[in-house]
Amino acid sequence: MAFFRKKPSFAGDGLVLFMDVHDAMQAEKVLSRAGYLVKLVAPPPELRRGCDLAVAINLVEQPGIERVLKEKEVGYVRVTPLKAGTEGILEIVKITDFGDWTMVKAANMKLTFAKKSGVIVNTSGGGCPDIPQLHAELIDKPLTEAPRPRDVGFTLCALMLDRALEECLRLWRGDETE
Amino acid sequence: MMLIAGTVPAKELPLTLTTARTEDESLVVDGQLIPCTQGTTATISAALATTSYLGRDAPQILLAGDIGQGKGSRQIYEYLIEHIAELSPEVLVLHYWLPDMRQTKRLCEAVNKCPRRPLMIADAASMYSAKAAGLASEFDIFTPDATEMAFLADPKVTHPAYINRHLFDTDITRTPRLAEAAYHDNSAAKLLLVKGAIDYIINDGNIVATITEPDIPALEAIGGTGDTITGLVAALAYAGLELAQAAIIAARANRSVGQLAKVTPATKVRQVIARYPDVFRENLYQRGSTWHWKE
C-alpha cells in the first residue's frame, strides 16, 4: 500500500517574479530546501514580468528569502505584495531628538543611539520573532560595529530595523541630508 | 487560567508549556534563565508582576525558541490549534511569532469550537497576522502603537513595512480617524488600546478614554514597554476588570512606572518592570470586588 503525505496548503501574500521559468522552478526548489513554505503560481496579469510563473511566499519572510536566492545565485526580477495597489516598502523615516539621544523610526521599528558615543542604547517596536534576538545583538554596540539586521534577520521587521540603523549611521557620520 | 503564547530568542528552547518565575531580572522557564528583554518575555514579566499583586494565579506560558526562521512559531500554532479546547484558558494572549494567515485562521476556527470562548488578546506579529487574515474582529483586544494603528487602517497591506506613506506620515492625534477606518474594514479588535503620546482606549469604535499624564516620551524608545502594556491589560482582565477599565489602568500604570523609574531612552525594560510592585502599591487599590486606580 502506498502512503501519500499531503503537502500543507499555502496561500502566500507575496510573489517573487522571474524572467524565465527555469529560475522560478529553481527558486521553488532552493527555498523549499531552506525550510520556506512556498508555491509555484501564475502571477496575475498586472504583476507579470518576464515569465508566467512566480513563487508565492509569506511576504513577511521577504528579506530571508531574497538572501537565500542571492546566495544560491537564482535570478529574480523582484518581490512584490500580492494585493493590487500596495505601494512599495516604506522608505521614509522619522527622527526624534531626545537631547542626549536620537531615535529613528522606520515603519514600525525604532532605533535609539547616544549622540556623544554613537552607541545603540535601545531598539523598540515590531513583532516578528527575530526582533528580540536583534534587540539583544544590537544593544550597547557602536553603530559602526553593529551587525546589520538585513544580514542576520529574516523578516520585514528586521528590514525596517535595518532602515532605521542606516539612517542612524548617516546621522552619526554627519552625512548631508538629501 | 491565563495563557500567554509566543516565541523567545532562545533558539534551542523546545515547545514548552509551563509557568515561569522571575529571578534577577530574568525569567526562569523550566530551569532555564531567559533574559527579560523586548518581546514575549517582557509581556510575561509584566503579567507576572500584576497577577502576583492582585493575588491571582500566575499565567501559563506556551513558548518556543525562534529567531526568525519560523520553526518555533509553527510549533506554537500547531499546539494551540490542537489543544486549545482542552486547555480552555479564560484569557489567551498571542504575542511574537512569524505571522501566518492560514494558521491564524485555523486557530480562530479552533477557538470558536471551545466550550468556553477565551478572551482573545493580540499584540506584535500575532496582531499583524490577525489583521492580514481578515480576522481582527475575532479578537477582544489589540494593543497597537501609532504606526501599527496606521497599519490596521490600511486595507491593502499585510505588514506595517508596506503601509501607505501618507498614513505613516501622521501623528498620534490622527488615531480617531485611523480607528474609524480600521473598524469600518473589520481590521480592529473589539477594543483598541492605542499606545503613544496620547493613549486612546477605543471600544467598538467609540473613544472611551484618552490618557496623557504623566507624559513620559522616553518610553517610546525603550524596547518592551509596549509589550508590558499587553501583559498588564491581560492580567487585569483576567482579574475580572471590565475591558475598558483594564486598558485604562494598564496605560496609566505604564506611564507611572516610567515616571517612577525616571526612565531615559537608554533605560532597559527590565529596569521598568522591576518597579511595577511599587507603582501598584501606590496607585492600585481594591474596593468591593474590583480594582481601581488612584485618581
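Which residue in E6(A) is the bridge partner of A:Val93? The legends below take up this point first and then turn to other parts of the predicted model.

**View 1. The four-stranded sheet of chain A.** The bridge partner of A:Val93 is A:Ala106, a residue of E6(A). E5(A) and E6(A) run antiparallel and are joined by five bridges. The open sheet to which these strands belong has four strands in the order E5-E6-E7-E8 of chain A, with antiparallel pairing. Because E5 and E8 of chain A stand at the edges, each with a single partner strand, one side of each is left without a neighbour in the sheet. From one strand to the next, the twist averages 15°. H3(A) packs on this sheet, where it touches E7 and E8 of chain A. The direction of H3(A) makes about 170° with that of E8(A).

View 2. Five helices and eight strands make up the secondary structure of chain A. Along the sequence, these elements follow the pattern β-α-β-β-α-β-β-β-β-β-α-α-α. Taken along the principal axes, the C-alpha atoms of chain A fill a box of roughly 70 × 40 × 25 Å. Over all chains, the count of salt bridges comes to 20. One within chain A is formed by A:Glu91 and A:Arg163, whose closest N and O atoms are 3.5 Å apart. This pair links distant parts of the chain, 72 residues apart. A:Glu91 lies in the loop between strand E4 (78-81) and E5 of chain A, whereas A:Arg163 lies in helix H5 of chain A.

**View 3. The area buried between chain A and chain B.** The size of an interface is often given as the accessible area lost when the parts come together. Between them, chain A and chain B bury about 4300 Å², of which 59% is on carbon and sulfur atoms. A:Ile92, A:Pro129 and A:Pro132 supply 14% of the area that chain A buries against chain B, more than any other three residues. In terms of residues, the contact takes 51 from chain A and 49 from chain B.

**View 4. Polar and charged pairs across the interface.** Three salt bridges are counted between chain A and chain B. In a salt bridge between the two chains, the side chain of A:Lys110 meets that of B:Glu220, at 3.6 Å from N to O. There are also 20 residue pairs in polar contact between chain A and chain B, with both residues at pLDDT 80 or more. On the side of chain A that touches chain B, the elements that give two or more residues are strands E5 (93-97), E6 (101-106), E7 (109-114) and E8 (120-125), together with helices H3 (130-138) and H5 (156-173) of chain A. By class, this side of chain A has 24 nonpolar, 18 polar and nine charged residues.

**View 5. The eleven-stranded sheet of chain B.** In chain B, eleven strands form an open sheet of mixed pairing, in the order E4-E3-E2-E5-E1-E6-E7-E8-E9-E10-E11. Strand E4 (32-35) and strand E11 (206-211) of chain B stand at the edges, each with a single partner strand, so one side of each has no neighbour in the sheet. Strands E9 (residues 191-194) and E10 (residues 199-203) of chain B run antiparallel and are joined by four bridges. B:Leu193 stands opposite B:Ile201 in E10(B). Helix H1 (residues 40-54) of chain B packs on the sheet and touches strands E1 (2-8), E2 (16-23), E3 (26-29), E4 and E5 (60-65) of chain B. The direction of this helix makes about 155° with that of E1(B).

Notes. Residues are numbered from 1 along each chain as its sequence is written. Chains are lettered from A and ligands numbered from 1 in the order in which they are written. Side-chain values use heavy atoms; hydrogens and water are left out. Contact means heavy atoms within 4.5 Å. Buried area is the accessible area (1.4 Å probe) that two parts lose on being put together, summed over both. A salt bridge is a side-chain nitrogen of Lys or Arg within 4 Å of a carboxyl oxygen of Asp or Glu. A polar contact is a pair of N or O atoms within 3.5 Å; within protein, one must be able to donate a hydrogen and the other to accept it, and residues adjacent in sequence count only if both atoms are side-chain atoms. Ala, Val, Leu, Ile, Met, Phe, Trp, Tyr, Cys and Pro count as nonpolar, Asp, Glu, Lys and Arg as charged, and the others, Gly among them, as polar. Two strands pair if DSSP finds at least two bridges between them. Axes are lines fitted to C-alpha atoms, for helices over the stretch in contact, and angles run from 0 to 180 degrees between N-to-C directions.
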